[in-house]
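Please look over the chain and its metal site. A short report goes with the view.

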Amino acid sequence: MKCNHCQSDDIKVIESRDVADGQAIRRRRMCVACGSRFTTYERLERPQLIIIKNDGTRQLFSRTKLLSGLYRACEKTPVTSLQLDSVVNAVEQELYACGEQEVSSSKVGELVMDQLARLNEVAYVRFASVYRRFKDIASFEKELSLVRQGKHIAAEVKS
Ligand SMILES: [Zn+2]
């Protein structure tokens with residue numbers, strides 16, 4: 001590894017800690033030559049997951065894409081970016097636990113909704129409304145009352 005500023009390869013690690021529920025290590029590093037500091041992340045290398053979309057096309061699973069969708073759903077809610085990060089971690093872990101290299105996008109949506117339902121009602125309903133494309137206000141309100149009663153049932157989804 002080389003310093004971005006002076007290209008020296010004399011880099012010292014000044015701090016290491018587990019992040020993302022132990023799924024990654026964050027290291028603060030310092031260039032001994034010029035003193036500039038930077039951060040690196042180390043993650044377990046895993047095979048790329050393929051997402052099969054509803055129209056049958058395939059796409060690489062992207063944490064970034066999933067996170068940005070979640071940020072939109074959680075705008076103006078008390079959900080923190082740290083919480084969203086652990087939602088994505090949990091989803092990712094479950095996807096890998098399936099042992100399949102290809103997963104349907106509806107499966108991903110289900111896992112996300114399970115996590116969001118525990119976290120924040122507004123965020124959950126927003127995500128669900130985009131994801132399930134509620135046809136009318138009645139099904140939307142039904143969904144909301146299910147969340148309120150803590151009876152969200154994933155099996156209800158039509159894929
Ligand atoms: Zn340097």
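Predicted model: local features only at pLDDT ≥ 70, side-chain atom pairs only at ≥ 80, totals over all residues.

Residues are numbered from 1 along each chain as its sequence is written, and side-chain values use heavy atoms, with hydrogens and water left out.

**The chain**

The protein chain has 5 helices and 6 strands. Helices (H or I, at least four residues) and strands (E, at least two) are DSSP runs, numbered from the N terminus. Along the sequence the pattern reads β-β-β-β-β-α-α-β-α-α-α. Of the 159 residues, 36% are buried. Buried means under 20% relative accessible area, exposed over 50%, and partly exposed in between (1.4 Å probe, protein chains only).

**The zinc site**

Four cysteines coordinate the zinc ion through SG atoms: Cys3, Cys6, Cys31 and Cys34, at 2.2 to 2.4 Å. Donors are N, O and S atoms within 2.8 Å of the metal (3.2 Å for Na, K and Ca); water is not among the atoms, so sites may look incomplete. The site is tetrahedral, with angles of 105 to 117° among the 4 donor atoms. For four donors, that term requires all angles between 85 and 135 degrees. The donor residues are spaced C-x2-C-x24-C-x2-C in sequence. Cys6 and Cys34 link distant parts of the chain, 28 residues apart.

Key. Tetrahedral: all angles 85-135°; square planar, octahedral: opposite > 155°, others 65-115°.
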